[in-house]
Amino acid sequence: MDPNQYCQDKAAASGSSFYYSFLFLPAPRRRAIIALYAFCREVDDIVDECTDEHVAQTKLNWWRQEVTDLYQGQPHHPVSHALLPVIRDFNLPVEQLLEIIDGMEMDLTLHRYEDFKSLRLYCHRVAGVVGELSAVIFGYTDRATLRYAAELGLAFQLTNIIRDVGEDARRNRIYLPMDELAQFDVPASDILNARQTDNFKQLMEFQYRRAQEFYELAFSTLPAADRKTQKTGLIMAGIYRTLLEEIRNDGFQVLTQRTALTPIRKLWIAWRTWIKG
């Protein structure tokens with residue numbers, strides 16, 4: 001199969017909100033960002049789909065070697081073949097691709113986070129770094145744009161964490177900081193057993209407000225000179241913030257359901273954000 005088509009199919013099959021924002025990019029940058037996204041999906045799927053930790057670790061180790069081979073011009077996987085011209089054309093650092101794998105690897109052993117500081121490291125590796133690489137692909141002139149992209153990636157990940165509380169709990173994972181559960185008097189057992197309480201709603205309101213703060217921080221950091229080239233990230237933000245509001249309006253029913261926007265609504269938000277300029 002053609003490597004770019006493989007990545008296209010991988011991205012489309014995921015149903016991710018990110019995919020809709022890619023549609024408005026020029027073809028070369030669209031192929032590049034879809035290849036990066038497909039790489040992230042490949043390594044993330046290993047952790048989510050492998051029930052045997054040792055098998056998952058072996059596969060992640062394979063990808064580490066594959067990234068090394070990729071940067072030596074010897075890719076093997078279709079995603080790596082698609083990434084080869086991307087890393088050359090956009091000068092993407094090997095360390096950042098490896099750091100994404102580091103983040104995914106944390107899921108194999110870390111199922112709880114004591115505080116936000118430790119959670120933030122995880123979020124940076126699996127989302128902030130991706131944001132920085134994406135900003136490079138979209139194009140930038142001011143290095144402050146990289147900070148904007150990292151903060152926006154963190155906001156996206158915090159939104160994912162809020163959306164997926166119940167789904168993650170069924171995998172025995174809790175990404176809400178343990179000290180904050182204690183602060184709001186929410187036992188971990190309430191989350192693992194899907195017990196919706198007033199205290200849980202207050203905890204989720206706290207998470208919601210922090211995510212919104214990171215969106216605002218990101219927007220305030222984006223230099224005006226790069227706003228046009230970074231519009232794809234702003235489309236993603238429009239979709240994700242709408243999702244976040246939906247979750248809040250539903251009363252944070254995240255323990256028993258997974259809130260999602262329809263494809264038509266995502267396209268509408270993407271188009272509306274694009275034409276705003």
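Visitor: What share of the contacts in the protein chain with a separation of 6 or more comes from residues 24 or more positions apart?
Guide: Quick caveats: this is a predicted model, where local features need pLDDT of at least 70 and side-chain atom pairs count only at pLDDT 80 or more, while totals for chains, interfaces and linings use all residues. Residues are numbered from 1 along each chain as its sequence is written, and side-chain values use heavy atoms, leaving out hydrogens and water. Contact here means heavy atoms within 4.5 Å. Counting that way, for contacts with a separation of 6 or more, the share from residues 24 or more positions apart is 72%.

Visitor: How many helices and strands does the protein chain have?
Guide: Both are DSSP runs numbered from the N terminus, with helices being H or I of at least four residues and strands being E of at least two. From the N terminus on, the elements read α-α-α-α-α-α-α-α-α-α-α-α-α-α. The tally is 14 helices and zero strands.

Visitor: What radius of gyration does the protein chain have?
Guide: The radius is taken over C-alpha atoms, and the globule rule is 2.2 Å times the number of residues to the power 0.38. For 277 residues, a compact globule would come out near 19 Å, and the chain agrees with that at 18 Å.

Visitor: Which way does H12 run relative to H13, roughly parallel or roughly antiparallel?
Guide: Axes are lines fitted to C-alpha atoms, for helices over the stretch in contact, with angles from 0 to 180 degrees between N-to-C directions. The axes of H12 (residues 198-221) and H13 (residues 231-249) come within 11 Å and cross at roughly 160°. Angles under 35 degrees count as roughly parallel, over 145 as roughly antiparallel, 65 to 115 as roughly perpendicular and the rest as oblique. That makes H12, relative to H13, roughly antiparallel.

Visitor: Is Ser21 buried or exposed?
Guide: Ser21 sits in helix H2 (residues 17-22) and, leaving out residues up to four places away in sequence, touches Thr232, Ile235 and Met236. Buried means under 20% relative accessible area, exposed over 50%, partly exposed in between (1.4 Å probe, protein chains only). With 0% relative accessibility, Ser21 counts as buried.

Visitor: Which residues is Asp115 in contact with, leaving aside neighbours within four places in sequence?
Guide: Asp115 lies in the loop between helix H6 (94-109) and helix H7 (116-138), and its relative accessible area of 30% makes it partly exposed. Its C-alpha atom is separated by 9.7 Å from that of Tyr175, 60 residues apart along the chain. Leaving those neighbours aside, Asp115 is in contact with Pro177 and Asp179.
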